[in-house]
Amino acid sequence: MYAIVDIETTGGYAAAHGITEISIQVFDGNKVIEKFESLINPGQPIPRYIEAMTGITDEMVADAPPFEEVASTVYNLLIDKIFVAHNVNFDYSFVKNHLEEYGFSLNVKKLCTVRLSRKIFPGFPSYSLAKLCHSLGIDIRNHHRAGGDTEATVKIFKQLLKGDKENFIEKSLQRNSKEFILPPNVPKDHFDQLPYTPGVYYFHDEKGKIIYVGKARNIRYRVNSHFSNNSQGRQKQNFLRHIYSISHQPCATELMACILESTEIKKLWPIFNYSQKGWENSYGIFAYEDQNGYMRMAIEKNKKLLEPVCTIHNILEGHSILRKIIKQFNLCPKLCFMQTSHDKCEGIKEGYCYGACEQEEDIDKYNYRVSGAIGSLRLRPSFAIVENGLNADEQSCILVLKGKFYGMGYMPSDVQIMDIEALKNLMTPYKQNNYISNLVNSYAARFPLKVKMLETETIQSLH
């Protein structure tokens, strides 16, 4: 037995929007044996664009029952049936969410007439309800109203049952099938091709444009989790509605997947990725000469035309760095803007400032120490993080040169000694960003045995 369902709503996702109309037709495979249809008071205003599309107004639902009053009826019609709808996850998410709000737990099998139609009737120009009906010669009446769309879906489903020569519907209902959880427009073989390895996956829209990039320790499990959870939020519903294909790029390690994800987000700017788009260090430590000739160091916002001595995450980190080098190189806290009061210099009191702030120390001697401090901040090690590769014949490598992430790639597992230029030729260069830099440095600190320090001219043994 099938429950063929259509709803009209106040918006695109169940977590924040209400149902304005519901229609259920119980279908036994040959004929409709029971119907239920009702306007619903959603308890919130209906947006104008929804009114224009459906014709349902606030006045029409003002005296309609709230969902609470029909919840028991809806639940009893659905509980022992297969839930069928055109783009089933949309309707199911709303109905399930509303039922749970009033104490009813719905957990039934689902069939999507979009996915079924793509498989059983391939090659149609579009699988939207109206255009699919046109391709199948079905007269759709009262479109964008629950009753009219449910009636059209029943007619589509009848043709699907008749045209299903390879028992695709039966296969879709099997427990290990992913047909009922995948977005309506994504071919199942796209999911079947996903590996159980680390890497990056991409969701594409109808035109092939990448709309989301994600990283995973296990690509297959991670992509599955996007669609198999019961989230009623906006992101999941947007995924389901807009994804038409899935692609992937395997990586040898989760760290490589994190790096690739970050570079892809920065490069592609996918519409449904929200993190990392604006995350960059906005501050740096700068050095300049004041009017008296003394070198000063200061924390400032990064500027396009000025090169900082080093970039920092925030002002607090900058303060920590400056305090350390002030004492290490006997610098003046006032000339580094770490003491802004007019009181006597703390450095003079404690003996590490020799009076530059009062112009009592020789300029050249002071500036020489500032230059040493600048050099220490700019001095960064070169190293490689070497781990297993994608197969037994290779090893993965993440390359950092003079403190800057250069790139990553794979090299033969028997490599012993190689010069830096040769190693660079094996790597794929990537544009560094601060997220990647922090990621790599943190990983290197956590797993020192995987780090191979590199000399300036020659890379010593990578084993």
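Analyst: The discussion below takes up a helix, then salt bridges, then pockets and a cavity. Please keep in mind that this is a predicted model.

User: Let us begin with helix H3. Which of the residues in helix H3 are buried?

Analyst: The general idea comes first. An α-helix has 3.6 residues a turn, so residues three or four places apart point the same way. In the present case, helix H3 spans residues 67–78, and its buried residues are Phe67, Val70, Ala71, Val74, Tyr75, Leu77 and Leu78. Viewed down the axis of H3, these buried residues fall within an arc of 155°, so they line one face of the helix.

User: I turn to salt bridges. How many are there, and which parts does the pair Arg145 and Glu21 tie together?

Analyst: A salt bridge is counted here when a side-chain nitrogen of Lys or Arg lies within 4 Å of a carboxyl oxygen of Asp or Glu. By this rule there are 15 salt bridges. One of them joins the side chains of Arg145 and Glu21, at 2.8 Å from N to O. Arg145 lies in the loop between helix H6 (129–136) and helix H7 (146–163), and Glu21 lies in strand S2, so the pair ties together parts that are 124 residues apart in sequence.

User: Are Arg145 and Glu21 buried or exposed?

Analyst: The cut-off for buried is under 20% relative accessible area. Arg145 has 17% relative accessibility and therefore counts as buried. Glu21 is buried as well, with a relative accessible area of 3%.

User: How far apart in helix H9 are Lys188 and Asp192?

Analyst: They are 4 residues apart in helix H9 (residues 188–192), which means that about one helical turn separates them. Lys188 is partly exposed at 25% relative accessibility, and Asp192 is partly exposed at 40%.

User: Where do the partners Lys327 and Glu350 lie?

Analyst: Lys327 is in helix H13 (residues 315–328) and Glu350 in helix H14 (residues 346–350); the pair links distant parts of the chain, 23 residues apart. The closest N and O atoms of this salt bridge are 3.9 Å apart. Both Lys327 and Glu350 are exposed. Salt bridges can also form a network, as with Arg141, Glu151 and Lys155.

User: What is the volume of the largest pocket, and which residues lie nearest its centre?

Analyst: A reading of a pocket may begin with its volume and then pass to its lining. The largest pocket has a volume of about 1300 Å³. Its lining holds 43 residues, of which Thr311, Lys404, Gln432, Asn434 and Ser437 lie nearest the centre. By class, that lining has 16 nonpolar, 14 polar and 13 charged residues. The second largest pocket has a volume of about 940 Å³, and His86, Asn87, Phe90, His144 and Arg241 lie nearest its centre.

User: Which residues line the largest cavity?

Analyst: A cavity differs from a pocket in that a probe fits inside but cannot get out. The structure holds 1 cavity of 30 Å³ or more, with about 40 Å³ of space. Lys110, Leu111, Cys112, Arg115, Leu116, Phe168, Ser172, Glu179 and Phe180 line this cavity. Strand S5 gives the largest share of the lining, 3 residues. The lining divides into 5 nonpolar, 1 polar and 3 charged residues.

Methods
Residues numbered from 1 in each chain as written. Predicted model: local features only at pLDDT ≥ 70, side-chain atom pairs only at ≥ 80, totals over all residues. Heavy atoms only, no water. 1 Å grid on protein atoms, 1.4 Å probe; cavity = no way out; pocket = protein on both sides within 12 Å on 5 of 7 lines; lining within 4 Å. Points joined across faces, edges and corners; volume = space filled by probe spheres on them. Helix = DSSP H or I, 4+ residues; strand = E, 2+ residues; numbered from the N terminus. Nonpolar A, V, L, I, M, F, W, Y, C, P; charged D, E, K, R; others polar. Buried < 20%, exposed > 50% of the residue type's maximum accessible area, 1.4 Å probe, protein only. Arc of directions from axis to C-beta.
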